[in-house]
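Hello,

Here is the structure for your files.

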Amino acid sequence: MRRLISSGSPFEATAGYSRAVVEGDWCFVSGTTGYDYATMTMPEGVEHQTRNCLATIGKALEDAGFSFADVVRCHYYVTEAAFADRVFPILGETFGSIRPAATMIVCDLIRPEMLIEIEVTALRRS
């Protein structure tokens, strides 16, 4: 049974997407940027944005009945290659023992204040 998870972001309603979609034992978390959705503000540093991304993703996973331990795939999108060395330690705090398959891509994001976007896929452990 398909279940839709919302973070309450106004972007979800405007653009017509869910923060996460659960289908069976799978959870697909949409690309998540570093907004603080309580204040709708974006911190300036990529490190703070990364922590916000992970907090939003963690809440979506929890709301869906999953945890970071269930994550099997991560896609990281950064706007500058130099950000990799700054965010790797932060990502390692969350994923270091889980070690999902991961890809980091350097690209533009849809707003200039966005420095990182993260999406994950989780598979419920049996």
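Val 78 in strand 4 (residues 71–78) stands opposite Val 106 in strand 5. These two strands, the latter being residues 101–106, run parallel and are joined by six bridges. Cys 74 stands opposite Ala 102 in strand 5. Strands count as paired if DSSP finds at least two bridges between them. Helices (H or I, at least four residues) and strands (E, at least two) are DSSP runs, numbered from the N terminus.

This is a predicted model, in which local features need pLDDT of at least 70 and side-chain atom pairs count only at pLDDT 80 or more, while totals for chains, interfaces and linings use all residues. Residues are numbered from 1 along each chain as its sequence is written, and side-chain values use heavy atoms, with hydrogens and water left out.

Six strands form an open sheet in the order 1-2-3-6-4-5, with mixed pairing. Its edge strands, strand 1 (2–5) and strand 5, each pair on one side only. On average, neighbouring strands are turned by 10° against each other, direction ignored; axes here are lines fitted to C-alpha atoms (for helices over the stretch in contact), and angles run from 0 to 180 degrees between N-to-C directions.

Strand 3 (residues 26–33) and strand 6 (residues 116–123) run antiparallel, joined by six bridges. Within this pair, Trp 26 stands opposite Leu 123. Strand 4 and strand 6 also run antiparallel, with seven bridges, and Arg 73 has Thr 121 of strand 6 as its bridge partner.

The helices

Strand 4, helix 3 (residues 83–95) and strand 5 make a right-handed β-α-β unit. Right-handed means that, with the strands pointing away from the viewer, the path from the first strand over the helix to the second runs clockwise. Helix 3 lies across strand 4, strand 5 and strand 6, at about 160° to strand 4.

How do helix 2 and helix 3 cross? The axes of helix 2 (residues 46–63) and helix 3 come within 9 Å and cross at roughly 30°.

In the contact (heavy atoms within 4.5 Å), Val 46, Glu 47, Thr 50, Arg 51 and Leu 54 of helix 2 meet residues of helix 3 including Phe 83, Arg 86, Ile 90 and Phe 95.

Regards
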